[in-house]
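Q: Hey, can you help me look at the sheets in this one? I'm new to this.

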Amino acid sequence: MASFTKPKNYTKLAMIGHRETIFAAKFPTFPSITNSATASSSSSLSSTDDLLVTASQDGSCKVWSLPSDNPPTMLASVQVSNTNEDSSEVLRVDLLAVSETLFILAAGTAGGHCYFYRVTVERSEADSKLTSATMTRIVVLGDNNKSDPAPAPPSFIDVNPPTDAGEGEDPPPTPIEPNQIYGVEFIPELLITPTTAKTIILLAADDFVRCYTLSYDLSGNSLSHSMMVEYAFLPIPDTTLSGQTYSMASGGGVALRKNLDSQEANNCRLNVKPATATATATATATATTPFGGADRNPTNKVYVFASSTIIITTTETVTLPLLSVALSDGTVRILPLEFVRSTESTTGVTIIRNFPYQSSPDAPPRKPHFTSVNFSKKQFYDVNDAASVEEIRSHGYSGLVDLGVSDGVGRAFVARLLICKGGNKVGVAKAMMPSEHGNNNPASHTMARPLFGCKAFGDDSFLTFGVDGRVIKWSGEEESEEGSDGLPPSIICSNLGDSVQYPIYDVAVGNSGTICVVGGGEAGFIGIQGYFFNPF
């Protein structure tokens, strides 16, 4: 059986500052940069692990300095929402590096808004250590895009407040719940012009993923945006096969919508179904079991719980962004985002279905929802090794990449994906099941309790984490148990917060192997802590 002792050089440093549960942590995204004047690409920004941003239930985002030889230091904090409503919770965050000292922060909330901030940092001339940071709000999606917005709307849209209807009167209007944002991710590419820095951001909420172009004015410090496209996810027939690729219109369960009017495009809280959601999709919806039950989800909406993107190198000059989403119907759907470089519509949607789960031998099997998807950032060939590239392409593929997935009953697996030439098909070559070790292994997760992530760690390892408060490393470097296709586990951390129950909601993985573990339950006297682990 694999070892489950703590790794050597195990160092834990606490981050103290948030008052409530910490939902997300993120090291900066360091994009590949193209200069429009020279048409040359470079990756000149140093991708260090000494800067981190966190998002919390207390409605704040905080920027941290993570020196290798000292405890973390909070450099800046901002209260994202101006309300005391539950909708002020910040659920997701991402941080894009524009230069060595300039970053764009995106924070998605439970109230259906995405707030953008300019983050500027200063470093010591003597040793380049971070000394200070400032955060300035520049624009909000979901609040009419005011550069200096008024307090955010309440947690639901209700133009006419309900009153008790009298005899013969119409019933009061039903409040519209906001679309909680469960995905915020920058595409790691940046186009620099003499006056602007341009990139793309993906926002996932409700049953859709929306893609926006962002243009940052380098001189005026302002941010403008425009809607590119929306992907709405629909129910699919139970006969759809796992691992197969389908067209969007027939079987893929994805409706593509462009040319949204300004109100829809600017407001993340609105979700009008695309015209392509026809009677066929309605019939499919009524024939499947709604997530959460028919009373709570009468229209059988397929909720997006997580999304992840990666840019695949298909040739020396062409790259292809892929999007994966974890959905409430127990499917993962993977599709190429060809709109980044083309106006052609995407055609191929690859479906991965979850495995049945039985809580007991007498219980009927059910298909649990997926809770997370995370692409490994490593493609399985060296782009500088012409021989390995040609070997993969000679079999009709553009590349190989791993996708980590977790579900709501304590299971995770890693799917190795084959990216076909042209990008319109993704094959599933192998699925490795870390949690197949089950409760028989003391280094496993507690079954029947949700996991919240399965993230790549190093070249061939993954980290899983969830409600049971454990972070487990599953390493392909060790020998698997005989007869198992799983990866041997070892516990990195468990029972954080000492006697306080500490479910883990996110693990940020730095470029050098540094990790930050965040989550938390009921806040104590000093609030909720995050934990920073030095490389090991």
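Q: Let's start with the sheet that has β1 in it: what's the strand order, and how do the strands pair?
A: It's an open sheet of four strands, running β1-β33-β32-β31, with antiparallel pairing. A strand here is a DSSP run of E with at least two residues, numbered from the N terminus, and two strands pair if DSSP finds at least two bridges between them.

Q: Which strands are at the edges?
A: β1 (12-18) and β31 (504-509), each pairing on one side only.

Q: How much are neighbouring strands turned against each other there?
A: By 25° on average, ignoring direction. The axes are lines fitted to C-alpha atoms, and angles run from 0 to 180 degrees between N-to-C directions.

Q: Before I go on, what kind of model is this?
A: It's a predicted model: local features need pLDDT of at least 70, side-chain atom pairs count only at pLDDT 80 or more, and totals for chains, interfaces and linings use all residues. Residues are numbered from 1 along each chain as its sequence is written, and side-chain values use heavy atoms, with hydrogens and water left out.

Q: Ok, how many bridges link β32 and β33?
A: Three, joining β32 (residues 515-519) and β33 (residues 528-533) in the antiparallel sense. Val 517 sits opposite Tyr 531 in β33.

Q: New topic: what's the order in the sheet with β2?
A: β2-β5-β6-β7, an open sheet of four strands with antiparallel pairing. Its edge strands are β2 (22-26) and β7 (73-79), which each pair on one side only. Neighbours in this sheet are turned by 20° on average, direction ignored.

Q: And what stands opposite Ile 22?
A: Ser 56 in β5. β2 and β5 (residues 51-56) pair in the antiparallel sense over four bridges.
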